[in-house]
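This briefing goes through one predicted model. Please view the sequence and the structure together while reading.

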Amino acid sequence: MKDALFQPIQLGKLELKNRIVMPPMTRSRASQPGNVANDIMATYYAQRAGAGLIVAEGTQISAMGQGYAWTPGIYTAEQIAGWKKVTDAVHAKGGVIFAQLWHVGRVTHPDNIGGQQPISSSALKAENVKVFIDNGTDEPGFVDVVEPRAMTKEDIKKVIEEYRWAALNAIEAGFDGIELHAANGYLVNQFIDSEANNRTDEYGGSVENRLRFLAEVVEAMADAIGSDRVGVRLAPFTSLNGTVDKTPVETYTAAAALLNKLNVVYLHIAEVDWDDAPDTPAEFKTAVREAYQGIIIYAGRYNTEKAAQAVNAGLADMVGFGRPFIANPDLPVRIANDYPLAEHDPATLFGGAEKGLLDYPEYQAS
């Protein structure tokens, strides 16, 4: 059964050794000042190079795109050099790594963006959403987000250009490709989801209009680096960070069809992953498979059996295992051999240094 996860697969021009994905997970360990990827991040990702594909943690495309303290950026020469350490370390271990490009839009606080007011599709505050700021200690301080201002046409043009440059910077930094973060309530998602977008111009209203920003960002990046190096992450059913869509099946089936037309190399769907969350409807997965012909990745609460079933059923081509990768750097080996999985320490997820990042051992058979 689990053999399905260990078949090689072609991703654009890349031959991947297995179907196991390490999805992007924020760890907030970038060096300060400057939000620069560093040696401990290089070690962390290299330890996990057994994945068929690593998607590195979200990296902001601009200073305005930052949502949380200590997350890495990819818009300065120093940041590009920092990420080069990471990609070199992963490639030395035979791994493949994509950068996740991220603009958080309204999911931030002025303390994280140089005192500016955040920007979004609309001047709508995300309700009951907190982000963490650097409060001068090693422990992040959580604060409520603030009301953003609606982006002007000039803002939209500028941000699209920032995405284009970030894609070029990612390739310069040695990444094999990029994933556009269009999920989990961040900026692109704030345009897509009906309840976060009350615009009355060509970027709001109909599904087609709400998908326009996604399309223009993808087109800009694909023109810059090739569509075979651009993947997109979507989260159709989550209400994470306060974005909700009234008709998610219609909206996200249309998004899948659009991304098929734009020829992106993969579609990465984040399923709701809290403990008693509802499963993604099977008919939606079938509709996505019909609408999109590229590689489909699902992530969220997968174990070996469920992941292998998804691949064998033809609904997924690859499967992301998030939290298990934190405490199990050798996760593919453990899956292949039915070794037990270690549990991660939630207290060390964000901020800090090596503890909880690099000190999870590989499995030792007694």
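The points below cover the barrel, a helix pair, a loop and a pocket.

The model is predicted, so local features need pLDDT of at least 70 and side-chain atom pairs count only at pLDDT 80 or more, while totals for chains, interfaces and linings use all residues. Residues are numbered from 1 along each chain as its sequence is written, and side-chain values use heavy atoms, with hydrogens and water left out. Helices (H or I, at least four residues) and strands (E, at least two) are DSSP runs numbered from the N terminus.

**Barrel**
- Eight strands with parallel pairing close into a barrel, in the order β3-β4-β5-β10-β11-β12-β13-β14; two strands pair if DSSP finds at least two bridges between them.
- Direction ignored, neighbouring strands of this sheet are turned by 25° against each other on average.
- Five parallel bridges link β12 (residues 266-270) to β13 (residues 295-299), and Ala270 has Ala299 in β13 as its bridge partner.
- Helix α1 (residues 39-47) packs on the sheet, where it touches β3 (20-22), β4 (53-60) and β5 (97-102), and its direction makes about 150° with that of β4.
- Axes are lines fitted to C-alpha atoms, for helices over the stretch in contact, and angles run from 0 to 180 degrees between N-to-C directions; contact means heavy atoms within 4.5 Å.

**Helix pair**
- Helix α3 (residues 153-172) packs against helix α6 (residues 212-225) at about 35°, with the axes 9 Å apart.
- The crossing of α3 and α6 is right-handed, meaning that the near helix is turned clockwise from the far one by less than a right angle.
- Among the contact residues are Ile156, Tyr163 and Leu168 in α3, and Phe213, Val217 and Met221 in α6.
- This contact has 13 nonpolar, no polar and two charged residues (Ala, Val, Leu, Ile, Met, Phe, Trp, Tyr, Cys and Pro count as nonpolar, Asp, Glu, Lys and Arg as charged, and the others, Gly among them, as polar).

**Loop between β3 and α1**
- Pro33 lies in this loop and is joined to Gln32 by a cis peptide bond, with omega about -10°.
- Ser28 is in the loop between β3 and α1, and its phi is positive, near 55°.
- Most residues other than glycine have a negative phi, and most peptide bonds are trans.

**Second largest pocket**
- The second largest pocket holds about 160 Å³ of space.
- A pocket is an open set of points on a 1 Å grid over the protein atoms alone, where a 1.4 Å probe fits, with protein on both sides within 12 Å along at least five of seven lines; lining residues have an atom within 4 Å of a point.
- Grid points are joined across faces, edges and corners, and the volume is the space filled by probe spheres set on the points.
- Helices α8 (282-291) and α9 (304-312) each supply at least two lining residues, and α9 gives the most, with three.
- The lining has five nonpolar, two polar and four charged residues, including Glu271, Asp279, Lys285 and Lys306.
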